[in-house]
Amino acid sequence: MLVINWLDDVIVKSIVIRKILMFLCLVFVPSAWAQQYPVGSDEGIDGEELFAVCGFCHGMQGQGGPALDAPPLAGMEAWYVERQLRAFNGGFRGMHPDDVPGLQMSIASGMARNNATIRNVARHIESLPPGALPELTSGGEVAGTARPFIWRSKYASLEHPQPADATRGKELFQGTCVACHGADGQGNEMLGAPKLTDQTARYMRRQLQYFKDGVRGSNPGDTYGSQMAAFAKVLTDEQAIADVVAYIDSIEVD
Ligand code: HEC
Ligand code: HEC
């Protein structure tokens, strides 16, 4: 027990050691694992096994990693996860020079290159229950909320106006977003629009600003992203983004 406690305190809760491990994993694991199963193979890496590496950034229970700008993934639809992994792998997403977190994800997506591996990890993510609490350090603070790297871009310290007006946000949502994301923001697979209600406000505000500015969704190969980007233009200013996200955040789902 003592040894396990020690490992837990020193390795899992020490942010510095986790970052070093993550870096080593990112350098060595993607190529080694990707080579293990060729692109056309019907076999892939086990989803749960692979997720242990994804968890360094996205949280071990898929609850998100705020310091690395990594969104929560738990409960995300498998079809959407698959499409995003293909988008990062194919260079349709995460390649804009302003999108440093997206670039980090693009490197990590190399771990899931063959179809079977992508499917396995996507299914595992969908099976994780959303809403796990953020990881805490031994001092009881949320583990690592300060970014461990320097990111020089307006998106790095994106602060939208406060307070946000969820009532105005509801009007915006019901006027536009429902058409694809559904009345309760539960998404629509036929239209390729993901569920929004398990996402964090911080991540959604940045993505909406990305879509609006062409950082995401402007690559000619990104069919679904470009559809979303067209509608992000409806959000005329930062206040509108803050308002619509405040509304999405307030949606109660049974
Ligand atoms: C180095 C840290 C890191 C690792 C490791 C990592 N990710 Fe990510 N991931 C991110 C970041 C940061 C983003 C957000 C990118 C952006 O803002 O566009 C992201 C985004 C995503 C998204 C898109 C989510 C959405 O709502 O559109 C998916 C899906 C995803 N990651 C899956 C994975 C999987 C599966 C793995 C393991 C194979 C993994 N990630 C490993 C950092 C990481
Ligand atoms: C024409 C259909 C359509 C409309 C209308 C639409 N969206 Fe989307 N939205 C999408 C699609 C498709 C995606 C996924 C894009 C991709 O695959 O990269 C998306 C992605 C998103 C994302 C990123 C989710 C993530 O996990 O990264 C957010 C946030 C979002 N939409 C919010 C909105 C809001 C707010 C509105 C209303 C102002 C809206 N959408 C209107 C189709 C739509």
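Me: Which ligand has an oxygen atom contacted by a polar side-chain atom of arginine 83, and at what distance?
Reply: In this predicted model, a polar side-chain atom of arginine 83 lies 2.7 Å from an oxygen atom of ligand 2. A polar contact here is a pair of N or O atoms within 3.5 Å.

Me: Before going on, what are the conventions?
Reply: Residues are numbered from 1 along each chain as its sequence is written, while chains are lettered from A and ligands numbered from 1 in the order in which they are written. As the model is predicted, local features need pLDDT of at least 70 and side-chain atom pairs count only at pLDDT 80 or more, whereas totals for chains, interfaces and linings use all residues; side-chain values use heavy atoms, with hydrogens and water left out.

Me: Back to ligand 2. What does tyrosine 203 do there? And arginine 216?
Reply: Tyrosine 203 places a polar side-chain atom 2.9 Å from an oxygen atom of ligand 2. For arginine 216, an N or O atom of the side chain is 2.8 Å from an oxygen atom of ligand 2. Helices are DSSP runs of H or I with at least four residues, and strands are runs of E with at least two, numbered from the N terminus.

Me: What coordinates the iron atom of ligand 2?
Reply: His181 (NE2) and Met228 (SD) do, at 2.0 to 2.1 Å. Histidine 181 belongs to helix H7 (residues 166-181) and methionine 228 to helix H9 (residues 223-232), so the pair ties together parts that are 47 residues apart in sequence. Donors are N, O and S atoms within 2.8 Å of the metal (3.2 Å for Na, K and Ca); water is not among the atoms, so sites may look incomplete.

Me: Is histidine 181 buried or exposed? And methionine 228?
Reply: Histidine 181 is buried, at 9% relative accessible area, whereas methionine 228 counts as partly exposed at 23%. Buried means under 20%, exposed over 50% and partly exposed in between, with a 1.4 Å probe and protein chains only.

Me: Now ligand 1. Which protein donors does its iron atom have?
Reply: His58 (NE2) and Met105 (SD), lying 2.0 to 2.1 Å from the iron atom. This pair links distant parts of the chain, with histidine 58 in helix H3 and methionine 105 in helix H5, 47 residues apart. Histidine 58 and methionine 105 are both buried.

Me: Which side chains make polar contacts with ligand 1?
Reply: Among them, histidine 58 has a side-chain N or O atom 2.8 Å from a nitrogen atom of ligand 1. Oxygen atoms of ligand 1 are involved with two further side chains: tyrosine 203 at 3.1 Å and arginine 206 at 2.8 Å.

Me: What surrounds ligand 1 overall?
Reply: Ligand 1 is surrounded by 30 residues, the closest being Cys54, Cys57, His58, Tyr80 and Met105. Helices H3 (47-58), H4 (78-89), H5 (100-108), H6 (115-127) and H8 (201-213) each supply at least two residues of that shell.

Me: Where do the ligands sit relative to the domains?
Reply: Domain 1 (2-127) and domain 2 (158-250) both give residues to the shell around ligand 1, so ligand 1 lies between them. The domain bounds come from an automatic or database assignment.

Conventions: A residue is near a molecule or strand if one of its heavy atoms lies within 4 Å of it. A polar contact is a pair of N or O atoms within 3.5 Å; within protein, one must be able to donate a hydrogen and the other to accept it, and residues adjacent in sequence count only if both atoms are side-chain atoms.
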